[in-house]
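Please view the structure below before reading on.

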Amino acid sequence: MISWFMEQTLLLSLVCSLLLISHRFLLSKIGAHYTYSLWLVVPLLPLADVVQTLLPQYFNWLSPNQTLGVIQQYYVLATDTASMSSSLFKLLYLPYLYAAVVLVVNLVSDSIHLQQLTRRAKPFVIESGKLNVFIHPNIESPMLVGLIAPQILVPNSFTLLDSHQQDAIIQHELYHYQRGDLWANILAYSLTIMFWFNPLMWCAYRRFRQDQELSCDAQVTANMETDSKIAYSKALLAYSQHAPLSMLHTHYGDKTILKERILQMKKQHGKNTLVLMGVTLLLSVSALTLNQQAQAGDNQSHTQAKADGIYPTIRIEPVYPIEAAKEGMNGYVQLSFDINPAGKVSNVMVIKSSPAGVFDDSAVTALEQWQYQTSANGMKGAQVQLDFVIHQPDASVERIQVR
């Protein structure tokens, strides 16, 4: 589990860093709609990993089948695995769980608060399409609330706006509803809870929410005349003093990006459904490819010749025996096993091990969980050697490949 979190953390950190660093460039070149859609790659990364794990046979095209020609060798490092099964795991697990629970409680508290708001709100008569509009004296900015029964809440000051400004704000919130932004926010926040220890995830979450507002602004003001855009800008200014970044409602007023929102209204933002579908497909394929490379290429020995054999798409690290690690004991285990057409491992047997019996159980248990590339007929009598070493051998030390 820890290795999965670390792997996904590295991938997510890389993607979030790229999106954050290139954000201004992307916004100027492709517009608010397409920039917002790029954030879809973030949840697709862990989702792609889960899908590949559950349905590996459908992703064989990412790693063409080959034949096994050598005993494949892998290092099992004590520094990578012993700590996972020792007190360090418990030391990391409890703070992680505690922080995740606090964030979930915060989400529940926010839900209760919004339910109390909606119960005290009064109907507001305005043409709003599918959603009802309610007015509430204790809120500072218009917002869309309610996952199951969505509605639009507006403050008392909403009545002071002219009809064009009111209509534009309602259309802004309606677009949030039509696009399913509240559910997208829950997904984004849930992912942030999973990786709360990564500050890049929080930065990405905030930028994602801000891009969400920019995209809605672009939708509403796309066909506005200059005077209407000026009036809309004044409405943004009026509600920019308070911007609670709630997970369960949209935040129309956000003073941190007020200048950016006004400047973006001067630009044209293209939006084509087919292009958005193409971007989504491209991001999905990219996420699958990134995870495939991370799984297949993780911690492989330099002695492997990829052109000569098939390799596992999912490789579970053996647990380095605690006593062996304490005594500084190195060793290896050679194993024989079968691979069925779906890539599952069976009939695992120890061929040879040194020291005898020390690492055998750990090696067998791990190998039985490996997933290989799919093939037409599977394979009988495949072999692998797992080298248990305290530290990575020096590159200058000559190693003999077993055939």
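In strand β3, F134 is the bridge partner of P123. Helices (H or I, at least four residues) and strands (E, at least two) are DSSP runs, numbered from the N terminus. The model is predicted: local features need pLDDT of at least 70, side-chain atom pairs count only at pLDDT 80 or more, and totals for chains, interfaces and linings use all residues. Residues are numbered from 1 along each chain as its sequence is written, and side-chain values use heavy atoms, with hydrogens and water left out.

Strands β2 and β3 (residues 133-135) run antiparallel and are joined by 2 bridges. Two strands pair if DSSP finds at least two bridges between them. The open sheet has 4 strands in the order β2-β3-β5-β4, with mixed pairing. Its edge strands, β2 and β4, each pair on one side only.

Helix α6 (residues 163-179) packs on this sheet and touches β3, β4 and β5; contact means heavy atoms within 4.5 Å.

Two angles are listed below. Axes are lines fitted to C-alpha atoms, for helices over the stretch in contact, and angles run from 0 to 180 degrees between N-to-C directions.

| Pair | Angle |
|---|---|
| α6 and β4 | about 35 degrees |
| α2 and α8 | about 65 degrees |

The axes of α2 (residues 23-37) and α8 (residues 199-221) are 8 Å apart. These two helices are therefore roughly perpendicular to each other, a term for angles of 65 to 115 degrees. Residues in their contact include L27 and Y36 of α2 and F208 and L214 of α8.

Technical notes
Angles under 35 degrees count as roughly parallel, over 145 as roughly antiparallel, 65 to 115 as roughly perpendicular and the rest as oblique.
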